[in-house]
Amino acid sequence: MCSMLSTGVSGLMAFQQSLDTISHNISNASTPGYSRQTVNLSAAMPQFSGGGYIGSGVNATTVTRAYDDIVAGQVRSSSSAKSQWDAYSSMADQVNNLLGDSSTGLSSNLQSFFNAFQSVANSPASSSERQVLLSQAQTLTNQLKAYGARLTELDAQVNSQLNSEANAVSGLAQSIAQLNAQITAAAGRGGNPPNDMLDQRDKLIDDLSTHINVSTVKQDDGSVNVFVGSGQSLVIAGTAAKLTATTDPYDVTRTTLSLQTGNSSTTDITNALTGGGTVGGLLSVRSQVLDPARSALGQVAVTLTDLVNNQQNAGMDLRGAAGANMFSVGSVDVLNNRANSTNTSPTVTRSNVSALTGSNYLLTKTASGWTMQDAATGANVTLSGAGTVGSPFVAAGISIVVNGSEATGDRYLIKPTTAAVASMNVTLTDPSGVAAAAPIIAAASSTNTGNASITPGVVLNASNAQLRSTVTIQFLSPTTYTTDGGTTTNTYTAGQAIALNGWQVNITGTPATGDTFTVKDNSTGTGDNRNALLMANLLNKNYVSGGTKSVNDLVGTWVADIGVKSNQAQTSLSIQTSLYNDNIAAQQGVSGVNIDEEGANLLRYQQAYTAAAQVIAASNRIFDSLMQAVT
Amino acid sequence: MRISTSMMHLNAVNAMLQRQSAVAKTQSEVSSGLRVQKPSDDPVAAVKIMQLQQAKSANTQYGTNITSATTRLQQEEQALSDSQDILQRVHELAVKANSSALSSSDRQSIATELGELNKQLANVANRKDANGEFLFSGLSSSTQPFARNASNQMTYSGDGGSRAVQIGAAQYVQDGDSGSDTFVNIPQGNGTFVLNGGSTNTGTGVIAGSVQNSANWVPDDYTLTFTSPTSWTVTDSSANVVSSGTNYVAGTAITFNGVQVSVTGAPAAGDTFGIAQSRSQDVFKTIDALTAAMSTGQGDDAGKAKFQNQINQVMQQLDSTESHLSNVRTSVGARLSMLTNVESSRQDASVQIDSSVSAIAGSDFAEASSRLAQQLVSLQAAQQSYVKVAQLSLFNYL
């Protein structure tokens, strides 16, 4: 009877605990990171009496949480990937939106600019058409600069976000370390798991994984070690390292991330962090979308400037002078590595715009000389020349002159086009300066008796000093001619080009003996539009990449590239989101609280509790019966 | 599978959010009428649209160019038509002058009118277009093309260039003709040679001629000299005798180097006639020559013959000039008609581009609105099922 009473009491206590836990579960049904808990019941050790083992009730052994490490790991990796694509696609979308409206887009402004050349060609002497052209040039420049400025702004946004991410990661690491310490201490008491602390810590690691890709290793004492990037330790038991925002060795305006343990020096781990989380998304959108977009935009500006300026130089303006440059762009950006021994930089110029690639390059002084790599891919780029003024290094459209005082190990980052747009300007302000005319004109003499005709002529080399000197082509016979009274007799073939002094003309037909043709200065040619027509067709002139791509193609590639990346990011985000949702569902399937289930358990333990109370009552009545029998 | 209560809510909310974002996207597609609004919507289509819109913009510019070229060519055609009218009158006057029954005052008044006509023609040739550029000075469009020099010779100060205007991707049209091509470079005589009578001739010989075989013609300036009224020699510019004959009977053919000339009337010993290779002569000089011939009197028979030789040369030159101007005008007309054709196909192309753009970028309204309806139904279903499921709880019955 004594045992009946104590058995009943053990049931009361065990069910009490179960009911407590159920209430705890119900209360935390909506708590993020909470894992449902269950009281594990087991039968108490039986007592031996002559009749055999008599049960002595129930024991509530432990309270455990429903938690699956594998499922939790899956949730973390998918939430890490989801936040990565979230950060990536929201940044890529901003670039994408920039190019959104086709009616105000870059391609439409480019076309308007080149259309303005056509209008100048229609009436070359009209200053209003020339003024419109210059306004279009300004509009185009403004738009290129606005794009450049917006991309720079987005780059700055990435930097400031990386700063706040570093703080968030460090804060979370600190909290995880503290909880690790508390868990180790609590687990030491009585051997029961401190479920709610574990939940809190695991929730913090979940949060951390949205910022940065993490891997965890569980320790026997209940603590968890957290590693980031390619295995750098962020939290070891109760100690946390700090993720700090540092600056790029080449570019002080660019944020990089470094790990600092205690008071030791920082280690740059930026390149290892691209794998996941918001940090990974920001770093990869910077290197895959923003950097290429900026250098490609620069390439558009540089190529446009080169084409238009060259054609301007080959022409003649309304006053009869050689055409001056219409645009100016920023020069090549050369960035010194912070660790370099000297503060001097090589002089880098764009020597061949049509060979520029849009890539950035890393120039290194090694013991055996200079080497250059593509900054993004690391591929070696062969340098020709000696790096001197007389024979500069030439590769990928740029030429490099080093000053010789650099030490082995000195490195330089060369950005051939990135800085071009920011300082782009329209340098031609005078409408008369538009070089619509060609500087030379060829004509047949009016006393010619043959039927040969001559083309007006095209300029091959505008810098030839003799370009505009008068040259007479005189036919000694219908098949031979001399130029400018020279003694060399040339053989005439109808239609064949005659090139001299930087120009080229074609004579067709049959000239008569004594016929003359004159190529002379076109300084009175205010109605000439030959150069304007050439200008008008520059937009689609195949020029870069070995003469296979036009400015228009560059813009098309630029837009398509950004569109594709943004589109891919959106697709990846939606895939990762649904994967994340599946994993969360699986995780909730294990750890989540179901109110109906708890309700059923509530009923079950309530009834069990009532029954246990009845056992005590029964035991009391049995005792009373005995007492009455005795008295 | 166990479902946690919070997951049940979360799933339902996620489902509703997803459907709402789909509805929003379709709604924006329907309201804007555009399937591709940003490059990421369809990168390939976005670039294609960009190219098509550029093509449209270039096409519109070609339209402007066509209008500009048409205007300029119409102005040129008007000028050419005016020039032809003037030459027509000059021709009439030349014919009138050729009739023998004219008094000296008649001739004087013809000379005066010719002077005026010549000035009128110069005004036409110096006309400017709407932009203030000279129509007929070639590329030197701000230089006045025709002016008389100190010795009253009309000189051309423009150049021989002409301007092309782009009217298609690889199509250009000349928007004018230079003054040298229009008014200056007109072949003399019959295009092979030009005949004239010597200024000191004392006989009454009048020369005429034609080309028999142009392949045998050797371009040079020949002189037919009568050493006596019936003996003649033809010498070239180096005084080499090319042909000679005796017992010449007026009106019979003298043939050399593929050409044939004949002299009517009675040439005197020492009379010369030029058979010069054809060069170019401007229209003003032709009228000047006629004016000069009118001003000098005819006098005796020798004078009449001299006048006849002159007027014959002028008449032939007028024919040549008129046919030259008519050729230029035909070429202008051909260019204008080509511009009309190009403009009409340009407009077709523009419509074609628009329809391509809308085919690529445009939304299919029927499809999009039925998709929108479907998405709305599915959003409603998600909302309704959520409300029903959320109400279920065991605690309702405890």
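**Figure 1. Burial in chain A of a predicted model.** Of the 631 residues of chain A, 43% count as buried (20 or more other C-beta atoms within 10 Å of a residue's own, with C-beta atoms placed from the backbone). The model is predicted: local features need pLDDT of at least 70, side-chain atom pairs count only at pLDDT 80 or more, and totals for chains, interfaces and linings use all residues. Residues are numbered from 1 along each chain as its sequence is written, while chains are lettered from A and ligands numbered from 1 in the order written.

Figure 2. The C-alpha trace spans about 165 × 55 × 40 Å along its principal axes. Chain A has 10 helices and 30 strands (DSSP runs, numbered from the N terminus: H or I of at least four residues for helices, E of at least two for strands). Its radius of gyration, taken over C-alpha atoms, is 41 Å, well over the 25 Å from the globule rule for 631 residues, so chain A is more spread out than a compact globule. That rule is 2.2 Å times the number of residues to the power 0.38.

**Figure 3. Helix α10(A).** This helix has 36 residues and reaches 52 Å from its first C-alpha to its last, close to the expected 52 Å (1.5 Å times one less than its number of residues). Buried residues in α10(A) are E598(A), L602(A), Y605(A) and A612(A).

**Figure 4. Where chain A touches chain B.** The contact takes 58 residues from chain A and 52 residues from chain B (C-beta atoms, placed from the backbone, within 7 Å). α9(A) gives the most to chain A's side, with 14 residues.

Definitions and conventions. Two residues are in contact if their C-beta atoms, placed from the backbone, lie within 7 Å. A residue is buried if 20 or more other C-beta atoms lie within 10 Å of its own, exposed if 12 or fewer, and partly exposed in between; C-beta atoms are placed from the backbone.
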